[in-house]
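Please keep the structure in view while reading.

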Amino acid sequence: MTVQEKDSSQTNSAVVADYKAKTGKSAALFERAHKVLPSGITHDARYLDPYSIHVSRAAGPRKWDVDGNEYVDYFGGHGAMLLGHSHPAVVEAVKRQIELGTHYGSSHELEVRWAELVCELTPCAERVRFTASGTEASHMAIRLARAHTGKDKIVRFLGHFHGWHDHVTAGAGATYDGGTTPGVPQEVSSLSIVMPSSDVAAVVKVIEERDDIAAVMFEPSGASWGQVPLPPGFIQAVRDATAKKGVVMLMDEVITGYRWSSGGAQKAFGITPDLCIQAKIVAGGLPGGAVSGKREIMDRIDHAATAARKIERILHPGTFNANPLSAAAAVTALSLVRDEDLAEKANRTAAELRKALTEVLVQEGVPWGIYGQSSTFLIYPNPFGDSIDPATFDPLTVPIEKLKGARGAGPLTGKIRMGLMTHGVDVMGAPGGFVSATHGGAEIEKTVHALRQTIRALKAEREVKAA
């Protein structure tokens with residue numbers, strides 16, 4: 001018996017059967033992968049029972065799996081592909097660079113131009129330091145904040161994801177009590193003050209009353225790129241309180257950077273943090289991240305500045321910092337973001353998509369919700385059976401345990417994803433996804449059709465009941 005047959009033998013679902021019938025080569029690859037990779041995957045978000053698809057190529061808003069199936073893609077490289085897949089200018093830049101060298105072990109002109117673009121586009125960026133990933137940027141930014149303030153505690157928020165390193169795991173996963181996770185010492189987790197984002201006054205009070213806080217760190221979208229949105233006034237209240245107290249406001253723009261606007265969420269909201277972290281789009285869809293912010297904080301890495309102040313410098317090596325291939329992609333991508341209104345185009349398309357998907361729910365009489373910000377969308381499939389009117393759905397009225405818990409509440413989310421894939425649409429596990437500047441009317445139409453057909457199939461299986 002194969003792995004996927006063993007895991008899914010209990011279901012007689014036509015949705016699952018249709019998915020498996022179309023993805024035989026992906027199933028075979030999964031069998032190979034499962035022998036050498038934990039769960040047969042290389043990123044938790046790619047997990048799907050019985051197995052996920054394996055993709056062979058991608059272009060613009062579409063991708064194709066090893067079975068030849070075509071999908072409208074809303075994974076978007078986990079949010080990295082604002083320009084769409086294989087943008088010709090980015091491809092040409094990387095091809096040109098790969099012939100010149102992939103790793104010099106020396107400084108190069110592209111890293112300077114990359115830094116200039118980040119500082120030009122990002123309101124808080126007086127200086128920038130490149131890393132190899134968003135997780136590395138998160139780790140460095142926390143270290144900078146602690147060194148700058150001389151304090152140890154970091155205020156974070158339930159469900160907000162800032163990478164997988166030890167200092168940001170508590171409260172970010174499936175449990176929302178702020179406790180530690182396996183492999184992370186309690187002493188490390190105790191350095192975080194993990195709070196719900198729903199009570200702004202309580203957050204302000206903690207900042208005002210405590211004297212051991214180095215930074216307040218959050219996703220400006222709300223938890224997991226907006227799956228749990230922030231209440232109105234949250235960011236401004238945090239900005240006011242941190243500025244008054246001398247606490248570093250650390251904005252995680254790994255997702256929102258250059259997606260919420262050409263200058264990220266900080267430009268879109270008109271609120272400038274002290275530090276921000278970026279990845280994904282900042283590296284043009286290739287591996288890379290960045291920490292940027294006030295010069296006085298960033299100078300903790302600077303040789304001359306720390307020598308002049310007679311303070312110990314923060315060491316920051318990193319073999320792949322500002323790698324030439326990533327720099328080539330980044331310079332091209334960020335130039336396009338600046339010059340071609342790409343974030344705004346994706347935002348408009350996503351708004352049209354959210355409206356069209358909501359109309360499907362209304363027409364089908366399904367008590368789910370469609371929501372999202374900027375160029376994202378999320379489907380709340382209401383696995384807890386609450387009374388919901390899709391025409392007026394407001395995620396701020398739903399507690400975090402339900403918004404974040406929908407993915408793990410039985411097989412429904414997996415069936416939604418498989419149903420959509422059967423009809424040529426691939427979404428992330430929330431379920432939901434990212435819209436690129438290359439998505440348009442044809443992709444919206446296909447997605448609307450896929451959701452309608454999936455809902456009808458789930459009704460037939462009694463997974464979904466009309467309101």
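Which element gives the most to the lining of the second largest pocket? It is β4, with four residues. The model is predicted, so local features need pLDDT of at least 70 and side-chain atom pairs count only at pLDDT 80 or more, while totals for chains, interfaces and linings use all residues. Residues are numbered from 1 along each chain as its sequence is written, and side-chain values use heavy atoms, without hydrogens and water.

**Strand β9**
- Strands (E, at least two residues) and helices (H or I, at least four) are DSSP runs, numbered from the N terminus.
- In strand β9 (residues 275–279), five of five residues are buried, that is, under 20% relative accessible area with a 1.4 Å probe, protein chains only.
- L275, I277 and A279 lie on one side of β9, and C276 and Q278 on the other.
- In a regular strand the side chains alternate between the two faces of the sheet.

**Neighbours of β9**
- Two strands pair if DSSP finds at least two bridges between them.
- Strand β8 (residues 248–252) runs parallel to β9, joined by three bridges; L250 has L275 as its bridge partner.
- Strand β10 (residues 289–293) runs antiparallel to β9, with five bridges; A279 has G289 as its bridge partner.

**The second largest pocket**
- The lining of the second largest pocket includes residues from α6 (109–121), β4 (127–131) and α13 (295–298), the elements that give two or more residues each.

Conventions
Buried < 20%, exposed > 50% of the residue type's maximum accessible area, 1.4 Å probe, protein only.
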